[in-house]
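Subject: The structure I promised you

Hi,

Here is the structure we talked about, ready for you to open. Have a look at it first, then read my notes below.

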Amino acid sequence: MEFFYRDIVKILQMNHAISISLRQVKRYLKEMNLARRKDYSNIRSVFNFVHTQVTSYGPAHGYRWMYQKCKRHGFKIKRDHISLMLNTIDPEGVYLRARRRLKRREYFSRGPNFCWHLDSYDKLKRYGLCINACIDGFSRKIIWLKVGRSSSNPKVIARYFIDAIEEHRGHPYSMRGDMGTENGLVAVMQTLFAGDEVTIPFIYGKSTMNTRIESWWGILRKKCCQVWISAMKGLQERGQFFRRQT
C-alpha cells in the first residue's frame with residue numbers, strides 16, 4: 001500500500017493526534033533517508049518475463065507468486081502492476097482463481113518405482129555447489145540428493161544412478177528428465193535395464209513439465225536453500241567469496 005505525503009499528514013493527525021505540515025513530513029523523511037522508490041524496472045521487460053512464466057507454468061499461480069518471482073529475478077515493480085499484467089495476459093486464469101475453479105495439472109503414477117524424476121538445481125551453481133536429485137513420482141521418496149562440483153558431467157549423474165540402483169536393488173520402470181547432455185548416460189543405462197518391455201524407458205521433456213521434482217525444488221528452496229543463496233550472495237557482495245577454479 002502506498003501513501004502520498006498529504007495522506008501521511010492526515011493519518012498522523014486523525015489516528016495519532018499529531019499535527020505536522022507537509023514540509024515537515026518531507027524534511028523528516030529526508031533526514032531518515034526514506035524516499036519513494038523511483039528505480040523501477042522497465043515495464044516491457046517485466047511484461048515479457050511475466051508472459052514467459054504464464055506460458056511455461058500455466059495459470060496455476062496468482063499475482064503474489066508472480067510478484068515474488070519477479071523480485072527473485074531482480075525486477076523492481078509494484079505488485080498492482082503485476083496484477084494488471086496478469087489480467088491482460090491471462091484473464092481466464094485470473095477469473096478462475098478468483099472463483100477457485102482453476103483446474104491444476106493432474107499427475108498419475110501406477111505405483112512406487114514406476115517413474116523416477118531426475119533434475120539439477122542450479123541456483124547455487126555459481127558458488128560451486130551443483131545439486132542433482134531424483135525422486136519417485138508415486139511416493140515422492142528422495143532417491144538421491146547430491147551436491148558436487150558438477151551437475152553437467154554425464155559421468156557424475158550416471159554414478160548417482162548406479163549407486164541408487166545398488167541401494168534400492170532395482171531400477172525404475174521409466175525415468176523423466178530434461179534434454180541436457182548430463183542425462184545422456186543415464187538414459188542409455190535405463191534403456192538397457194528396461195529392455196524391450198518398456199516402450200519409452202526415458203522420457204525427455206522441458207524442466208517446467210517435470211512437475212514432480214520441480215515442485216520439490218520449490219520446497220527445498222523455502223526450507224533451506226534460500227538461506228544459503230542469501231549467505232553466498234552476501235559474501236560475494238562483500239568481496240569475501242572466492243571460488244577456486246577447477
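You'll find Asn 42 in the loop between α2 (22-31) and α3 (43-57). Its C-alpha atom is separated by 8.7 Å from that of Lys 76, although the two are 34 residues apart along the chain.

Before you go on, two notes on the source. This is a predicted model, where local features need pLDDT of at least 70 and side-chain atom pairs count only at pLDDT 80 or more, while totals for chains, interfaces and linings use all residues. Residues are numbered from 1 along each chain as its sequence is written, and side-chain values use heavy atoms, with hydrogens and water left out.

Now the overall layout. The protein chain has nine helices and five strands; helices (H or I, at least four residues) and strands (E, at least two) are DSSP runs, numbered from the N terminus. Along the sequence, the pattern is α-α-α-α-α-α-β-β-β-α-β-α-β-α. Of the 246 residues, 33% count as buried.

Next, the sheet. Strands of a sheet pair through backbone hydrogen bonds, either parallel or antiparallel. In this model, five strands form an open sheet with mixed pairing, in the order β3-β2-β1-β4-β5 (two strands pair if DSSP finds at least two bridges between them). β3 (142-148) and β5 (202-204) are at the edges with a single partner strand each, so one side of each has no neighbour in the sheet. From one strand to the next, the twist averages 15°. Strands β1 (residues 115-121) and β4 (residues 174-177) run parallel and are joined by three bridges. To find your way there, look for His 117, which stands opposite Arg 176 in β4.

Then come the helices. Helix α9 (residues 211-237) lies across β1, β2 (130-136) and β3, at about 35° to β1. Angles run from 0 to 180 degrees between N-to-C directions, and axes are lines fitted to C-alpha atoms, for helices over the stretch in contact. Helices α7 (residues 154-168) and α8 (residues 184-194) also pack at about 35°, and their axes are 8 Å apart. Among the residues of α7 that meet α8 are Phe 161 and Ile 165, and on the α8 side they include Met 189 and Phe 193 (contact means heavy atoms within 4.5 Å).

What about the inside? The largest nonpolar core has 16 residues, and Trp 116, Leu 118 and Trp 144 are among those with the most contacts inside it. A nonpolar core is a set of buried Ala, Val, Leu, Ile, Met, Phe, Trp, Tyr and Cys residues joined through side-chain atoms within 4.5 Å. β1, β3, α7 and α8 each give it two or more residues, and α7 has the largest share, with six. A second, separate core of 14 residues includes Tyr 127 and Phe 241.

Last, the cysteines. A disulfide is a pair of cysteine sulfur atoms within 2.5 Å, and the count here is zero.

Note on methods: Buried means under 20% relative accessible area, exposed over 50%, partly exposed in between (1.4 Å probe, protein chains only).
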